[in-house]
Amino acid sequence: MKITEVRLGMLRVPLKTPFKTALRTVDTVEDIVVSIHTDTGHVGYGEAAATAVITGDTHGSIIEAIDKVIAPRLIGEEVVDLNRIVRRIQGAMERNTSAKAAVEIAIYDLWAQLYGAPLYRMLGGGEPVVSTDITISVDHIDKMVADSMSAVDRGFETLKIKIGKDIGLDIERVKAIHAAVEGRALLRLDANQGWTPKQAVYAMRTLEDAGVQLELLEQPVHARDIAGLKYVTDRVHTPVMADESVFGPAEVIDLIKKRAADIINIKLMKTGGISNAIRIADIASVYGVECMIGCMIETSISVAAAVHLAIAKSDVITKVDLDGPSLCAFDPVDGGVIFNESEISVGEAPGLGIRAIRGYQPLVR
Ligand code: MG
């Protein structure tokens, strides 16, 4: 199975409701789709989200990175040489993690197809069902409470609440949601860098003293403020998770050694794909640190890859935040991973099992 061509396309899918965090508001998924073609007729699919405020990647930079820099290094490569291909992708250029992720996902899809097995089996196997939380966007308190109640009614047992806009209001938001869903859902908070270290400690102590039980607090402070992250981790009982602060394996080692966070959020768009995500999971496992697997605003192409990884590494990836597909108004993918609200299950189709993608416009250059 030899790589013959790398094609790009644009996939647009409206969201059911706008996705609002302390950093941004999004109402439509607009992701780059990569299809890698081979001389055997097999096609591998990948997807890149353009999350400029987190990874620095834009549609233009992703297209240029893949088309001009990464793809030319892959033509003629044999899919059986997975490690060699991964090195060629990762060594093609600095950063550009979302572009690398999309290409790696398509390569891993092909590699598993080569052996006729679902990707999670090729990564070591596991129970092919995971349960995801759902994001509650930051908004007026009444709207957040209503969204939370509706998510619980839809069967979600864990809610990821977006906060980080205004410290006083944030505390009231969380208290109101906690009171509304008490006992029926686990609550995760994601401040998306919106607080100072001292604000974060104040907010968490206020919530903890009020008896509000939280599963974790994600990225309370600015991404680069590792000392600030550690300041919070040292002072609150609620486990603190690093998201925007850590991208690759080296940063994870540094963070764990500093004890700056209790949990690591792995996202393929930050790691540059599956190979580094595996490394991070293995590093965390060595240190006895748990991981979450998350996603950007992604559809069921790249999220499928994250699901396969989560299944294979479920001993260390104990928390799943893969609600991208359930935020979409429709599933553009006819494929092997079934997204049914909180329950995500994987079938026996080889690779990622993607048969067709709807609404995908080829980028002709
Ligand atoms: Mg986050």
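**Metal site, aromatic cluster and a helix pair**

Mentor: Let's start with the magnesium ion: its protein donors are Asp 190 (OD), Glu 218 (OE) and Asp 243 (OD), at 2.1 to 2.3 Å from it. Donors here are N, O and S atoms within 2.8 Å of the metal (3.2 Å for Na, K and Ca), and water is not among the atoms, so sites may look incomplete. This is a predicted model, where local features need pLDDT of at least 70 and side-chain atom pairs count only at pLDDT 80 or more, while totals for chains, interfaces and linings use all residues. Residues are numbered from 1 along each chain as its sequence is written, and side-chain values use heavy atoms, with hydrogens and water left out.

Trainee: How are the donor residues of the magnesium ion spaced in sequence?

Mentor: Glu 218 sits in strand S8 (residues 216–218), and Asp 243 in the loop between strand S9 (240–242) and helix H9 (249–258), so the pair ties together parts 25 residues apart in sequence. Helices (H or I, at least four residues) and strands (E, at least two) are DSSP runs, numbered from the N terminus. The spacing of the donor residues reads D-x27-E-x24-D.

Trainee: Which residues form one aromatic cluster?

Mentor: Rings of Phe, Tyr and Trp (its six-membered ring) pair if their centres lie within 6.5 Å; planes under 30 degrees apart are stacked, over 60 edge-to-face, and the rest tilted. Tyr 108 and Trp 111 are an edge-to-face pair, 5.8 Å centre to centre with 80° between the planes. Trp 111 and Tyr 115 have ring centres 6.3 Å apart and planes at 80°, so that pair is edge-to-face. The cluster is Tyr 108, Trp 111 and Tyr 115.

Trainee: What is the relative accessible area of Tyr 115?

Mentor: For context, Trp 111 counts as buried at 14% relative accessibility. Tyr 115 is partly exposed, and its value is 46%.

Trainee: Is the crossing of H7 and H8 left-handed or right-handed?

Mentor: The axes of helix H7 (residues 197–209) and helix H8 (residues 226–235) come within 9 Å and cross at roughly 20°. A crossing is left-handed if the near helix is turned anticlockwise from the far one by less than a right angle, and right-handed if clockwise. For H7 and H8 the crossing is right-handed.

Definitions and conventions: Buried means under 20% relative accessible area, exposed over 50%, partly exposed in between (1.4 Å probe, protein chains only). Axes are lines fitted to C-alpha atoms, for helices over the stretch in contact, and angles run from 0 to 180 degrees between N-to-C directions.
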